[in-house]
Amino acid sequence: MRSCLICESDQLRSFFEGRIRMGSFGKLSESPQTVTECARCGARYLPPLMDDVGGYYRDGAYRDDLDQGNAIEKYFELTDDDQPYRLDILGPHTVRGRRVADVGCGAGPFLDLVKGSASGTIAIEPNEAYHDSLRERGHLVFGSVESLLSAGEAPADIAVSFSVLEHVENPREFLVGIRQLLRPDGRLLISTPNANDYMLELCPEYRSFFYRKVHLWYFTASALTRLANLSGFSRCDVQFKHRFDLSNALLWLRDKRPSGLGNIPLNVHLNNSWRDFLESSGGSDYLYAILQA
Ligand SMILES: [Zn+2]
């Protein structure tokens, strides 16, 4: 890439060089890879290691790399518990009577959660392995934003897109497309990993876990806001959210590997303080943002 796909600046500098994660924990690239940072918009970029990014998601190779497979039950097992948290960030009362689109919905756990109160639910998912099941559960299904737009579908009031932005080839085109499927006063809730995740500073071994083949883009809060504005959204309110406890950080420092949650029993106040510290200092592992069309 000679210039930034988001802001077109040609001032790109090397930000990270090293081996990166190729799939689940422990699978590292054979050679070091370079993540660049755009001096103008701040987005960080890892050039794709797959030949065809779109095909990689359509045919399920993506989930195979993560050892997750395409089984729907497995998908729900891994993701169902996250959905009420996401709805809480969006604000549950905002969904009733609205048309909700989920861009990159996977098997559709968020749409299942809001279906009872939303006036319509639209599933946009490139992996066709989920399509029949999504239809059976009553969602309108499209393989891409482009196919929805060309079908002349009525606009959505609310769009959500969780952990998708970092995977796409061109985030600006991606957000411009979502804006087109929204009503003029519509809103988009988006989530993506935080490029300023504090663990990157605290534990150097975490870097080769954080930077990964499947994530082409890494955003700080300011880079995400800039992207939103360049994509035509009038407003972008970012929230820092941390999903892990202090036990997870301590075990990264001791064992240099992910451990899940709660493997060192700690006082709940200590865990809450750790989370509060990261979320108030901008060092959380995740960013959520509400974008106004
Ligand atoms: Zn840029």
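These are my notebook entries on what I looked up in this structure.

**Ground rules**

I am working from a predicted model, in which local features need pLDDT of at least 70 and side-chain atom pairs count only at pLDDT 80 or more, while totals for chains, interfaces and linings use all residues. Residues are numbered from 1 along each chain as its sequence is written. The helices (H or I, at least four residues) and strands (E, at least two) that I name are DSSP runs, numbered from the N terminus.

**Entry 1: Leu-227**

I began with Leu-227, which I found in helix α11, residues 221-230. Is Leu-227 buried or exposed? It counts as buried, because 27 C-beta neighbours lie inside 10 Å; the rule I apply calls a residue buried if 20 or more other C-beta atoms lie within 10 Å of its own, exposed if 12 or fewer, and partly exposed in between, with C-beta atoms placed from the backbone. Leaving aside residues up to four places away in sequence, I listed what Leu-227 touches: Ile-6, Cys-41, Ala-43, Pro-171, Arg-172, Leu-175 and Phe-219. Contact here requires the C-beta atoms of two residues, placed from the backbone, to lie within 7 Å. I also looked up the separation of Leu-227 from Ser-259, which is 32 residues apart from it along the chain, and the C-alpha atoms are separated by 33 Å.

**Entry 2: α8 against α11**

Axes are lines fitted to C-alpha atoms, for helices over the stretch in contact, and angles run from 0 to 180 degrees between N-to-C directions. On the α8 side the contact is made by Pro-171, Arg-172 and Leu-175, and on the α11 side by Leu-227, Ala-228 and Leu-230. I sorted the residues of this contact into five nonpolar, no polar and one charged, where Ala, Val, Leu, Ile, Met, Phe, Trp, Tyr, Cys and Pro count as nonpolar, Asp, Glu, Lys and Arg as charged, and the others, Gly among them, as polar.

I then asked which residues of α8 are buried. They are Pro-171, Arg-172, Phe-174, Leu-175, Ile-178, Arg-179 and Leu-181, and these buried residues pack against β4 (99-103), α7 (145-150), β7 (156-162), β8 (182-193), β9 (217-218) and α11.

**Entry 3: the sheet of four strands**

Next I followed an open sheet with the strand order β1-β2-β3-β9 and antiparallel pairing, two strands being paired if DSSP finds at least two bridges between them. Strands β1 and β9 stand at the edges with a single partner strand each, so one side of each is left without a neighbour in the sheet. Six bridges join β1 (residues 12-18) to β2 (residues 33-38), and I noted that Arg-13 has Glu-37 of β2 as its bridge partner. Two bridges connect β2 with β3 (residues 44-45), where Thr-36 is partnered by Tyr-45. These two strands form a hairpin with five residues between them, and Gly-42 in the turn has a positive phi of about 85°. Tyr-45 also stands opposite Trp-217 in β9, and β3 and β9 pair over two bridges.

**Entry 4: the sheet of seven strands**

The other open sheet I traced runs β6-β5-β4-β7-β8-β11-β10, with mixed pairing. At its edges stand β6 (140-142) and β10 (235-241), each with a single partner strand, so one side of each has no neighbour in the sheet. The twist averages 15° from one strand to the next. I checked β4 and β5, which run parallel and are joined by five bridges; among the partners in β5 are Ile-124 for Val-103 and Ala-123 for Asp-102. Strand β5 (residues 120-124) is largely enclosed by the rest of the structure, because four of its five residues are buried.

Ser-163, in the loop between β7 and α8, has a positive phi near 55°, and it is partly exposed with 16 other C-beta atoms within 10 Å. Lys-256, in the loop between α12 (246-255) and α13 (268-281), has a positive phi near 60°, and it is partly exposed with 13 other C-beta atoms within 10 Å.
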